[in-house]
There are 2 protein chains.
Amino acid sequence: MVGGDEVTEETGRPLRADALRNRTRVLEAAEAVFAAEGLSVPVDVIAEKAGVGVGTLYRHFPTKEKLFEAILVARITEITEVARARLNVGDAGAAFFGFLEYLVGEAVLKRDLIMALADAGVEFEVAVAPVKEEMGDAVAALLRAAQDAGAVRADVEPEVVMSLIGATCMAAERPDMAVCSQAMVRIVCDGLKVSR
Amino acid sequence: MVGGDEVTEETGRPLRADALRNRTRVLEAAEAVFAAEGLSVPVDVIAEKAGVGVGTLYRHFPTKEKLFEAILVARITEITEVARARLNVGDAGAAFFGFLEYLVGEAVLKRDLIMALADAGVEFEVAVAPVKEEMGDAVAALLRAAQDAGAVRADVEPEVVMSLIGATCMAAERPDMAVCSQAMVRIVCDGLKVSR
DNA sequence: GACTATACGGAACGATGGTTCCGTTTGTCA
DNA sequence: TGACAAACGGAACCATCGTTCCGTATAGTC
């Protein structure tokens, strides 16, 4: 899911077995809790869910923000891969619109995803910037292909698409709007189609 | 703007002159500060901007949330009036789409407006529910007129429109997305138009 | 099995921010 | 102008939450 075999920051030595296990637990707990509750959950909650003391959590991640960043990077990478997988397979229009639907569907399940699309660039450190840019490129490629295929109007910028989807995801975060998410995506997609 | 001549909660006596003046100042300051910074500003900031101690602020509003509610109600009422004014004057389609543009334009300037459209119903007390419902009715009327005029597709529900605009406003709150807000509205509006 | 570096847990700390309390000030009315 | 209720200011209070510290436990190694 996130991270492979890690080594301590200072010394290049491999992690002790229990340390590695706890690191994984923390990441998994944080992923679940952030997804369910959003960024504002206290770290204690994450630590408890991981069956670990807060001290242990902080041994692995210097700050709550860094912990979130680790998950964020994983999430964005995941999205990037989905976008790339959809490129050059079959109908470009269907691939593009299907991708948008996928994104919003994910956002309903994983509330922290919204941050990946919206907040990330503004508030976080250098670690997320590169992966976010990669995602942007992948989405832009998907968009361009759909435009070349004549499925999407030529005058929309990638940023606008990202913003629209970010907006829809943010709305999908609210329980009362989540029920509308499918309908919202449909309308946005219709707006993106070439006008005849 | 907000509130007329008020009386104290317990005794029915009219407010003292300085009290009334301070109440107004607090409301104006809070309106400005919430609009500029969002809901998370410390109350001290509001009090300072109003040229008043925090104690005074709490004399007039039992809690920060109630203060926000007062402003929220005013904002929603404002929107409702705009929606009503647009009803039955000229082209129903133009009235509807113009209204959507107006909303998003406002949201860029008044960041707390987003709450009026998104958060309000979920988190706040009984005071906002009725005015929010009124706004919903006004928007629904505007929508129906546009649909009857053949300008908007018949299969969209008022809730979906509200959610879409709420989403766009939420995005408009982010500085980096705000520049896209016009383009976003245009696409959403195109998606709402009847497909030919 | 003993030794040591590594890791653990969770109490304690400090910052932030909403709310309360109370001594002082001020408007109002006679 | 004097008296009193009403209102004011802001220090102090308390809860929350991120982060640190240190005494204890344990994995890895000889």
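Author: Here is a look at one helix pair, with some context around it.

This is a predicted model, in which local features need pLDDT of at least 70, side-chain atom pairs count only at pLDDT 80 or more, and totals for chains, interfaces and linings use all residues. Residues are numbered from 1 along each chain as its sequence is written, while chains are lettered from A and ligands numbered from 1 in the order in which they are written.

Chain A holds eleven helices and zero strands. Helices (H or I, at least four residues) and strands (E, at least two) are DSSP runs, numbered from the N terminus.

Now the pair. Helix 1 of chain A spans residues 17–37, and helix 4 of chain A spans residues 64–86. Two packed helices are described by the angle between their axes and the distance between the axes. Here the axes come within 10 Å and cross at roughly 85°. So helix 1 of chain A is roughly perpendicular to helix 4 of chain A. Roughly perpendicular covers 65 to 115 degrees; under 35 is roughly parallel, over 145 roughly antiparallel, and the rest oblique. The axes are lines fitted to C-alpha atoms, for helices over the stretch in contact, and angles run from 0 to 180 degrees between N-to-C directions.

Which residues meet? Helix 1 of chain A brings Leu27(A), Ala30(A), Glu31(A) and Phe34(A). Helix 4 of chain A brings Leu67(A), Phe68(A), Ala70(A) and Ile71(A). Contact means that two C-beta atoms, placed from the backbone, lie within 7 Å. The residues of this contact divide into seven nonpolar, no polar and one charged. Nonpolar means Ala, Val, Leu, Ile, Met, Phe, Trp, Tyr, Cys and Pro; charged means Asp, Glu, Lys and Arg; the others, Gly among them, are polar.

Across chain A, among contacts between residues at least 6 apart in sequence, 68% join residues at least 24 apart.
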